[in-house]
Amino acid sequence: MTNYNINVTLSETKKEKPHTDQLEFGKVFTDHMFIMDYTAGQGWHDPRIVPYQPIALDPASMIFHYGQSVFEGLKAYVTKNEQVLLFRPDQNFKRLNKSNERLCIPYIDEELALEALKQLIQIDREWIPTTEGTSLYIRPFIISTEPYLGVAPSGRYQFIIILSPVGSYYKEGIAPVKIAVESEFVRAVAGGTGTAKTGGNYAASLKAQQLSGERGYSQVLWLDGVERKYIEEVGSMNIFFKINGEVVTPSVNGSILEGITRKSIIQLLQHWNVPVTERRISMDEIKQAYLDGKLEEAFGTGTAAVISPIGELFWNNEAMIINHGQTGEVSKKLYDTLTGIQNGTVEDPFGWSVEV
Ligand code: COI
């Protein structure tokens, strides 16, 4: 492997670490961060690990005005033998570059990014929580920093990685969540930025999430932006249903995010010989399956959310209570296996885990 020259400046002080049994999602950050700059004509330069700190940006920086940014999310775990494992980190940096392509951001060197991440985690290793259900969440992101008010791709960027010890994404923990199907607002259409992991997609989702939150729902389930008929994804996760023994999930159609957890779940189900199909799924079909007693389970998948069982789906003024509001058998087995592979307690037949 190339020997990358990443400059390291260690923090003189260490922050107090949170109690791991009280961890929320994404509120506490470790002692260090990785940062690297891009300048047109020079490329990416000055990769460095520095004490975690605010970044100073010109108020005219393009990120503040036109939102040219991309991000990723992945997690690190410590095993019983004190190894530190990352889950499919190559996939995250590959997807970051796919998002870069869509947002006109220059590609990063994926190997350098992984090497930088490993070095950063080694430095902040004591921050990885070990209580069940916790992990070190990793947020790589790129922002456009050129001070310029014209609408154009920026000539300057910063690539940053920050780390956050986290507990469950949802306040429900791994208990089933309630999701409202969104019929008014849409998230994305094919040809838009739905497949990219870019901040604007999430900004556009807030209104619907806020309104559904006021009615007691954790997140919304987005329908397609053209016919408002076909299922796309949930706020921060992809969605799966088990209907009459078969697991189905919306196919990658040009507007949903290609989740790494989604892909891993499909591989796991195939490995177990559980029928799994990627296809177009309408809300009418889900309702019919529910009425016929064939809608056996529903769950979301994502790095932050892991496997999140869905106990209630609200659509057209009616609530569908799925599996009596309880976690289903397949959802539970997937959760146990995936988190087991991630934290090293279950054998990884796929070679997904990468040691730091
Ligand atoms: C993740 O699952 O890592 C995500 O990026 C979702 C995030 C918006 C919380």
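These legends accompany close-up views of a predicted model.

**View 1. Domain 1 and domain 2 meet through 21 residues of each.** Here we move in to the interface, where about 1,800 Å² is buried between the domains. Carbon and sulfur atoms account for 54% of that area. On the domain 1 side, look for Phe71, Phe87 and Arg95, which supply 34% of the area that this domain buries against domain 2, more than any other three residues.

**View 2. Glu258 and Lys98 form a salt bridge.** The closest N and O atoms of this pair are 3.2 Å apart. Across the interface of domain 1 and domain 2, the count of salt bridges is 1.

**View 3. The largest cavity holds about 90 Å³ of space.** A search of the whole structure turns up 1 cavity of 30 Å³ or more. To find your way around its lining, start with Leu74, Lys75 and Tyr77, then look for Phe87, Asn92, Ile260, Thr261, Thr303, Val306 and Gln342. By type, the lining residues are 5 nonpolar, 4 polar and 1 charged.

**View 4. Both domains contribute to the lining of the largest cavity.** Domain 1 and domain 2 each provide at least three of the lining residues. Strand E5 (74-78) and helix H6 (260-271) each give at least two, and E5 has the largest share, with 3 residues.

Key: Residues are numbered from 1 along each chain as its sequence is written. This is a predicted model: local features need pLDDT of at least 70, side-chain atom pairs count only at pLDDT 80 or more; totals for chains, interfaces and linings use all residues. Side-chain values use heavy atoms; hydrogens and water are left out. On a 1 Å grid over the protein atoms alone, a cavity is a set of points where a 1.4 Å probe fits but cannot get out, and a pocket is an open set with protein on both sides within 12 Å along at least five of seven lines; lining residues have an atom within 4 Å of a point. Grid points are joined across faces, edges and corners, and a volume is the space filled by probe spheres set on the points. Helices (H or I, at least four residues) and strands (E, at least two) are DSSP runs, numbered from the N terminus. Ala, Val, Leu, Ile, Met, Phe, Trp, Tyr, Cys and Pro count as nonpolar, Asp, Glu, Lys and Arg as charged, and the others, Gly among them, as polar. Domain bounds come from an automatic or database domain assignment. Contact means heavy atoms within 4.5 Å. Buried area is the accessible area (1.4 Å probe) that two parts lose on being put together, summed over both. A salt bridge is a side-chain nitrogen of Lys or Arg within 4 Å of a carboxyl oxygen of Asp or Glu.
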